[in-house]
Amino acid sequence: MISITKLLCNSENYGDSLRYVEGAALEKYGVSPGKGPVVAWNCTKTCNLKCKHCYASADNKRYEGELTLNESKKLIDDLKEFNVPALLFSGGEPLMKENILDILDYSNQRKIRSTISTNGTLLDKDICKTLKKLNLGYVGVSLDGIGSNHDNFRGVKGAFNSALTGIRNCIEVNQKVGLRFTISKDNYKDLEDIFNLIKEEKIPRVCFYHLVYSGRGSKIMNTDISKEETRQVLDLIMRKAIEFGPSVEILTVDNHADAVYTYLRSLKKFTHKSENILKLLTTNGGNRSGMAFANIDFYGNVHPDQFTWQYTFGNVKEESFGSIWRNSKHEILEGLRNRKELLKGRCSHCRWLNICNGNFRTRAEAVYNDFWAEDPACYLTDEEII
């Protein structure tokens, strides 16, 4: 996750305190020395929408074997003991998880900063008031276009209006809320309208996700935008970050070529900012799936991130998260923590490896059937990486 606003406007937000800490790039077990990783927990596979790009392949039915309330509390105790700084509840649709409010309450009691990634359709006024009382750090609402374009992406008519109502309900009770937008050929031309929406609705945060070829997303990898289109998108995002300033936190996710591209553009357009940008990016260390970021799926299996479920390192029903994270000898987990020598293709000789760290491995495996191959979504030119 790259804060374009931090890089270009030197803003201060909670996530920055995790991403840009001295020694973070060298830490193999957490976001920074003494802390565990940020954990995304897909707490349920149940969802009321049918999103085309869903990495979890979620649908509207109940699944056996998901963590019970007691198992969920034990997991939160384990995360607290391992000094996990933030817990992201995802799904499916996390608000459809049985006992979700009790689980969020327990996380609040244990003083773990919790956030929710939701489709927004269930954010009625009462739920938003409750989330606020539970000190939820942030609600991320997925919007993948305006109006019918979002509905088509989400597979349910009226999803856009319901999500927008949910955002407004959060804002009304002063619950911090923002947008999550997955970029594809079907929606990237909606970006100007998305920024207009952010301005009109006074939405304080937006995360732009690059498509990762996992779950149902692997079936639509041909809808990923081209390298030239990606550069145009980043140019727009940078312009808007300067325009909005620190009042709107703008981030990009799942493509660390964005970090390098932002720095290279700063050398031409924001020369007075470039030195600080490079320092921040070097401190961060790029993609650190399996290091600063971890995922737990519906059934308690531990993975390096939410897109890499083909590799499992243990199960929290059988062993504590901290024990799994520190002691697993799985070759992929060990490889991710020492990946620079394993990377192939363009990644292996890229001069920006200390900033990008090989980008996203699951995309490489999806396209080349090789986990350590170059990331096919890197849009930097050969001249830029030599």
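Me: Let's start with two helices: which residues in α8 meet which residues in α9?

Reply: L191, E192, F195, I198 and K199 in α8 meet V233, L236, I237, K240 and F244 in α9; contact here means heavy atoms within 4.5 Å. Sorted by class, the residues of this α8 and α9 contact are seven nonpolar, no polar and three charged (Ala, Val, Leu, Ile, Met, Phe, Trp, Tyr, Cys and Pro count as nonpolar, Asp, Glu, Lys and Arg as charged, and the others, Gly among them, as polar). Keep in mind that this is a predicted model: local features need pLDDT of at least 70, and side-chain atom pairs count only at pLDDT 80 or more, while totals for chains, interfaces and linings use all residues. Residues are numbered from 1 along each chain as its sequence is written, and side-chain values use heavy atoms, with hydrogens and water left out.

Me: At what angle do α8 and α9 pack?

Reply: Axes are lines fitted to C-alpha atoms, for helices over the stretch in contact, with angles from 0 to 180 degrees between N-to-C directions. Helix α8 (residues 191–201) and helix α9 (residues 227–244) have axes 11 Å apart and pack at about 20°. They are therefore roughly parallel to each other (under 35 degrees; over 145 is roughly antiparallel, 65 to 115 roughly perpendicular and the rest oblique). The names follow DSSP runs numbered from the N terminus: helices are H or I of at least four residues, strands E of at least two.

Me: How do the axes of α3 and α4 cross?

Reply: The axes of α3 (residues 69–81) and α4 (residues 100–109) come within 10 Å and cross at roughly 25°. L69, S72, K73, I76 and D77 of α3 make the contact with D102, I103, Y106 and S107 of α4. By class, the α3 and α4 contact has four nonpolar, two polar and three charged residues.

Me: Where does Y20 lie, and what does Y20 touch?

Reply: Y20 sits in the loop between α2 (16–19) and β2 (38–42). At 13% relative accessibility, Y20 counts as buried (buried is under 20% relative accessible area, exposed over 50%, partly exposed in between, using a 1.4 Å probe and protein chains only). Not counting residues up to four places away in sequence, Y20 touches I2, S3, K6, L7, L280, T283 and N284. T283 belongs to helix α11 (residues 271–284) and is also buried, at 16% relative accessibility. Beyond four places in sequence, the contacts of T283 are Y20, V21, E22, A24 and A25.

Me: How many disulfides does the structure hold, and why?

Reply: The structure holds zero disulfides (pairs of cysteine sulfur atoms within 2.5 Å). The sulfur of C128 has its closest cysteine sulfur in C170, 3.6 Å away, too far for a bond. For C350, the closest cysteine sulfur is in C378 at 6.5 Å, again too far. C128 is buried at 0% relative accessibility, and C350 is buried at 17%.
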